[in-house]
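Colleague: I have a new model open and would like to go through it with you. Can we start with the overall fold?

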Amino acid sequence: MRLGRTARIALRTAAGLGFAVIYLPLVLVLLNSLNPDRSAGWPPPGLTGRWWSVAAHNPGVRQALWVSVKAGLGATAIALVLGTLLAFAVARYRFFGRDTVSFLVVLPIALPGIVTGIALNSAFGTVLEPLGVGLGLFTVIVGHATFCVVVVFNNVVARLRRTAGSYEEAAQDLGASGWRAFVDVTFPLVRSALLAGALLAFALSFDEIVVTTFTAGPGVQTLPLWIFDNMARPRQAPVVNVVAAVLVLLSVIPVYLAQRLSADTATSSRV
Amino acid sequence: MRTEAGRDPGRRLAAILRRRPRLRPVLLLTAPLLWLTVLYLGSLAVLFVSAFWTTDSFTSQVVKVWTTDNFHALLTTPVYRQVVLRSVAVALAVTVLCVLLAFPVAFYTARVAPPRRRPLLVAAILTPLWASYLVKVYAWRLILSEGGLADWMLAPFGLRGPGYGLPATVLTLTYLWLPYMILPLHTALEQLPAGLLDASADLGARPARTFRSVVLPLVLPSAAAGSVFTFSLSLGDYITVQIVGGKTQLIGNLVYSHIDLDLPMAAALGTVPVAVIVLYLLAIRRTGALDNL
């Protein structure tokens, strides 16, 4: 389309404004963590790093951070195994219902979190409680893993579709065993996709709040749960601001790394 | 040497798998499919069955007797109807706003920006998609607070920010899901063959006509795909409303408020967004729009 000069300028301005709107709130959160004032008034009267050290010594925050990291690592580990297995099956084999698998995998993330949350909550209640296992970190990990599978799956499947199975066949023709071909040929090909998927799964788990609300036991509090609990308490506002800033940084960094690792990463992995 | 340890059982397994190739996908699929169907779909199924149970109003215990009372209440109670309609209206408003805001951005990143800068711009759209949902909502709570950024920016015009309430909820949800709309639009616009646009111009169409008759029909499936996210994510939300919505109630809040005392009713209420979303997904999948993502 031959756009006129005015149209180009208008589009550039609109896009610039769009990006400004997308990033402004995130920058505001980072700035606000340096706000010496307890209220969120704008502009802040100055800048201080005091709240960062206050937050760093807050026992509730430290505990919640630790819980979030453990939940994220556990969920990522499970999602890596399940997502990779599924991706290999879908990309390398034909079987009945293959198209349904990609639909099934997206469901946990596409359906409202509250529905997934209460479904898992009542299932855990009926199945695990008679066994003497209550809600806790374990159930959070199981819940998170369920919706993290899609991220790993999408990353690995995209990579496998771009690298034909003929490489492995060539390796086997040259005398490598199936295992040898996997270790020397297939695994190096998908390694960066696996790492990207893992980073994104961790980021997803680290942020999640709705399913977490319903799968965490009374004593288990992840960082998002801690924020949500303390958001309405004016006294905690500065610490909440710092934790929010940490969450922005901690979720943006893995995504940045994932994008550098794998070109087909985040484009399709969350949708 | 590193494969030495795993060689023997590995070899034996490989030999078995070579003799029986059909066993391979079965081996790969068993664990993930068990997880997703038994654990996930199983839990969902039990939840929806429980929508047909009731709760004893004295003891708050679930009574496992088959009844459609909950769905009857859902359809006849004015409050429920009102909240359902409001939620659908919010989800539609968010979707429309997302399309309107996303289109110029996507058009710029896909067709106007210098090709060298495009990957960077795509990354710039993607990154905030992964930034914490809760923190993004919190950011809007800060912006819309009294004396916050919105008030400060509008003060020179003699205006005030919208404060917390329904408009704030729509605004925040639009912000949250906007990248989900920009991305598919960007992809569709990028794949639009330049020849088509030139042909349209050669045949005498002005840009507005080309846009209406060529660009729009080709991009519409992708907008539909993006709308799956903007619509369904808005429909099920209850956290955003709690944080910036003031006293506004959406379907998610209604579900949430029933969980402790009347789980069957909560389950029945929860079927509404799920039914709408599953229908939407299936319809979209049929048009093939999901393959465009």
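This is a predicted model: local features need pLDDT of at least 70, side-chain atom pairs count only at pLDDT 80 or more; totals for chains, interfaces and linings use all residues.

Colleague: What box do the C-alpha atoms of chain A fill?

Modeller: Along the principal axes, roughly 70 × 70 × 30 Å.

Colleague: How much of chain A is buried?

Modeller: Of its 271 residues, 53% are buried. The accessible surface of chain A is about 11,700 Å², and carbon and sulfur atoms account for 65% of that.

Colleague: Where in chain A is confidence lowest, and where highest?

Modeller: Helix α12 (residues 265-269) of chain A is lowest, with a mean pLDDT of 47, while helix α3 (residues 59-92) of chain A is highest at 93. For chain A as a whole the average is 85, and 96% of the residues score at least 70.

Colleague: What about residues 266-271 of chain A?

Modeller: Their pLDDT stays under 50. The model has 23 contacts beyond four places in sequence for that stretch.

Colleague: Changing topic. Which residues form the nonpolar patch on the surface?

Modeller: Leu30(A), Trp52(A), Leu249(A), Ile253(A), Tyr256(A) and Leu257(A), with about 510 Å² of accessible area together. Helix α11 (residues 237-261) of chain A gives the largest share, 4 residues.

Colleague: And where does Trp52(A) lie?

Modeller: In helix α2 (residues 50-56) of chain A. Trp52(A) has a relative accessible area of 30%, so it counts as partly exposed.

Colleague: Last one: how is chain B divided?

Modeller: Into domain 1 (4-50) and domain 2 (69-292). The C-alpha centres of those two domains of chain B are 37 Å apart.

Notes: Residues are numbered from 1 along each chain as its sequence is written. Chains are lettered from A and ligands numbered from 1 in the order in which they are written. Side-chain values use heavy atoms; hydrogens and water are left out. Patches are made of residues with over 30% relative accessible area and no salt bridge: like charges are joined within 9 Å, nonpolar side chains (Val, Leu, Ile, Met, Phe, Trp, Tyr) within 5 Å. Accessible areas come from the Shrake-Rupley method with a 1.4 Å probe; for residues, only the protein chains shown count as cover. A salt bridge is a side-chain nitrogen of Lys or Arg within 4 Å of a carboxyl oxygen of Asp or Glu. Helices (H or I, at least four residues) and strands (E, at least two) are DSSP runs, numbered from the N terminus. Buried means under 20% relative accessible area, exposed over 50%, partly exposed in between (1.4 Å probe, protein chains only). Domain bounds come from an automatic or database domain assignment. pLDDT is the predictor's confidence in each residue, from 0 to 100. Contact means heavy atoms within 4.5 Å.
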